[in-house]
Every structure is written in structure tokens, then in C-alpha cells.
Amino acid sequence: MADTIRRVAVLTAGTDGPGMNAAIRAVVRKSLEHGWLVLGVRNGYDGLLRGDFEPLDSRSVSQRIDKGGTFLGTSAGEAFPGPRDVREALRNLNEEGIDAVVAIGGPSCARGAHALSQAGFAAVLVPATIENDLWGTDQAIGVDTAVNTALDAIDRIKDAASAQQQAFVVEMVGKTSGYLTLLAGIVGGAEITCIPEITYSLEQITQEVADSYVRGKEHCIVVVSEGAHPDAHAIQAHLAERQAETGFEANLTMLGHIQRGGSPLAKDRYLATLLGAAAVEALADGQEGIMAGLDAKGSTLVPLTDVVSHQKEIDQAYLELAAILAA
């Protein structure tokens, strides 16, 4: 395929996260090394459907590696919601003479790349999602920075909570996956971790908060994914009603989108560079319809069909560790 590639498009889609710009940079410069022309797609798959392209060269991605978000912009929701959208995207790609697409993003981005691949167009994926909810890669771009952002917030909240002997319910990103919350809970020393993969009862949570008080703890931190059941609002309201029983005043803090922003840390810059370059090399080697992911040996190539047809599960060992360390 390398002989047939002359022009490559790169896009970012889905929710943004730290490290996406570093991935774009790697894709552009690795493509230029192969002598390919590179076009950036503005605002993800929405821009692809509008034919919104811009030329990118080495200077276009200068001083981008340390910036959060994505300078190309992104698109929310499903890539191709309508039955004719894939055809429209293919038409725009063909009109620009583009031979392959490198898509950077999470699950919805993966489904878009897979749709293009299934339609016969060369597409590869670079995994970038702070929720780490893509099957086939040990870690996605943005996770490490997001965890550290959450850790910094938890550490600060613990200072305030200990000073006044309070409980804090901390809502974190994670509508369908609790990976980020679970990891932040472990490294942040949270007493209770609530994630979407497990259903909890308000009575169970209340009892655990009360037990923390009895054990002599000066605070109680409850980290909750936004998709957990019950959610953070319900947990805080219930704990506030039962303050006499738990011993702690209950407060709610929502970290929200601050976890998506900020300068990517070294690990995410390196991972974005590694996987962005690996995606381009895959195209140069004649491979398409794949994701450039990470395993214990380094970068690995995973069929997009497998990525979109499997759901990533939480490691049971992490759950057990969180329970042990919370004692």
C-alpha cells in the first residue's frame, strides 16, 4: 500500500484529552518522512462530512507537543449517524485525493474509522481516551495525565477534609468505564470507590463511611464515576441526611472537564508519539483497518473489527487492591 499512498488525512474525534496534539505531530512528521502530503480534518468526523481540510506540514505541528486538547478540533457523538454519511465522507476524501485516514480518539472515533474501513477505505486508529475504555490497548493516550490531575485534586480535597473532619464525594469522568476513577482512588487513598461496572446501595456506602469514622479516620473520600449507580449527587445527598450516623459532614466536588485539560505529562507525550508513528508505519507496510495500541512489549496492531466488537473490562485485581488499601 505504501506505493499507492500519496495523501493522508488526520483527524481527532470524540471527547478531547491531553496528548492528542502530540499524536497529530507524530502522524504528520512520520507521514512527511514517507513523502506523503498530509491534510488535517477540522472538527473530526463533522469536518470530514463538510470537506473541511487544511494542509499540514512540519511547522504546522511545531510547539504543539506540550499543549492539551487538539488544535484540529473534535466532534461529539457518533461519527456517521445517518445512513448516507459514510458515502458523503468517502466522496469528500476522494475529491481531495486522500488515500488513507489516521483517526485519533476513543470508542466513537474507533467506530467511525471502522465504518470507513468496512467501506473499503484505508483507515487506522490511534487510541486516545482518558477513560481508557478501548479494547485492545493496555493504555490509551491521556490516561496518565488525567489520573495525575485527579490525584492532585484529591490530595487538596483531603487536606481540607482532614482539617474539618468531613466526607467528600468526588465525581470523576467515566460514563461507562470506571478505570480512571478506580486508578485515582487507589493512588489517591480513597476510602470508597464507586464505578459503573458495579451497582452499590446507598446503605452500603453509608455504612462504610460510618466505619471510617469509627476507625478514627479524620476524613472520608468517596470517588464516584459520573456513570455510577447511584450517582455522586444521590450519594452526597444521602450521606448529608445521615450525618448523625456517619459522623462526617458530606460535601460534593465535581472534577468534570478539568481532567481533560492541561499539558500532557511525559508518559502521554511519549505514548502519543509512539502510537502515532506506529499507525503511519502500519499504513506504509500495507496494513489498514487496525488500531495501533499498547501491550507489554510496546506498540501492537489490533484489528478494528475486534476493537469495536469487544468491551474492555475492569481488572478484578484492581478492585481487590482498592478494597484492601481502603481499610
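Student: What makes the backbone nitrogen of V173 and the side chain of Q259 a polar contact?

Tutor: The backbone nitrogen of V173 lies 3.0 Å from a polar atom of the Q259 side chain, and a polar contact is a pair of N or O atoms within 3.5 Å (within protein, one must be able to donate a hydrogen and the other to accept it, and residues adjacent in sequence count only if both atoms are side-chain atoms), so the pair qualifies. This is a predicted model, in which local features need pLDDT of at least 70 and side-chain atom pairs count only at pLDDT 80 or more, while totals for chains, interfaces and linings use all residues. Residues are numbered from 1 along each chain as its sequence is written, and side-chain values use heavy atoms, with hydrogens and water left out.

Student: How do you know whether Q259 is buried or exposed?

Tutor: The relative accessibility of Q259 is 0%, and buried means under 20% relative accessible area, exposed over 50% and partly exposed in between (1.4 Å probe, protein chains only), so Q259 counts as buried. Q259 sits in the loop between β9 and α10, where helices (H or I, at least four residues) and strands (E, at least two) are DSSP runs numbered from the N terminus.

Student: Which residues does Q259 contact, leaving aside its neighbours within four places in sequence?

Tutor: With contact meaning heavy atoms within 4.5 Å, Q259 touches P18, I130, A146, T149, A150, M172, V173 and L180, once those neighbours are set aside. Two residues named there, A146 and A150, are also among the buried residues of helix α5, and what covers the buried residues of that helix includes β6 (166-172), α6 (179-188), β8 (220-225), β9 (249-254) and α10 (266-284).

Student: How does the reach of helix α5 compare with its expected span?

Tutor: Helix α5 (residues 143-164) has 22 residues and reaches 32 Å from its first C-alpha to its last; the expected span is 1.5 Å times one less than the number of residues, and the reach is close to the 32 Å expected. Just after α5, Q165 takes a positive phi of about 50°.

Student: What makes E191 and K217 a salt bridge?

Tutor: Their closest N and O atoms are 3.0 Å apart, and a salt bridge is a side-chain nitrogen of Lys or Arg within 4 Å of a carboxyl oxygen of Asp or Glu, so the pair meets the limit. E191 lies in the loop between α6 and β7 (192-194) and K217 in the loop between α7 (202-214) and β8, so the bridge ties together parts that are 26 residues apart in sequence. E191 has a relative accessible area of 8% and is therefore buried, whereas K217, at 21%, counts as partly exposed.

Student: Why is the pair of D52 and R50 called a salt bridge?

Tutor: The side chains of D52 and R50 meet at 3.9 Å, N to O, which falls within the limit, so the name applies. D52, at 28% relative accessibility, counts as partly exposed, and R50, at 52%, counts as exposed. The structure holds 13 salt bridges, and K30, E33 and E281 are linked in a network of them.

Student: Why is I324 called exposed?

Tutor: I324, in helix α12 (residues 316-325), has a relative accessible area of 60%, which is over the cut-off, so I324 is exposed.
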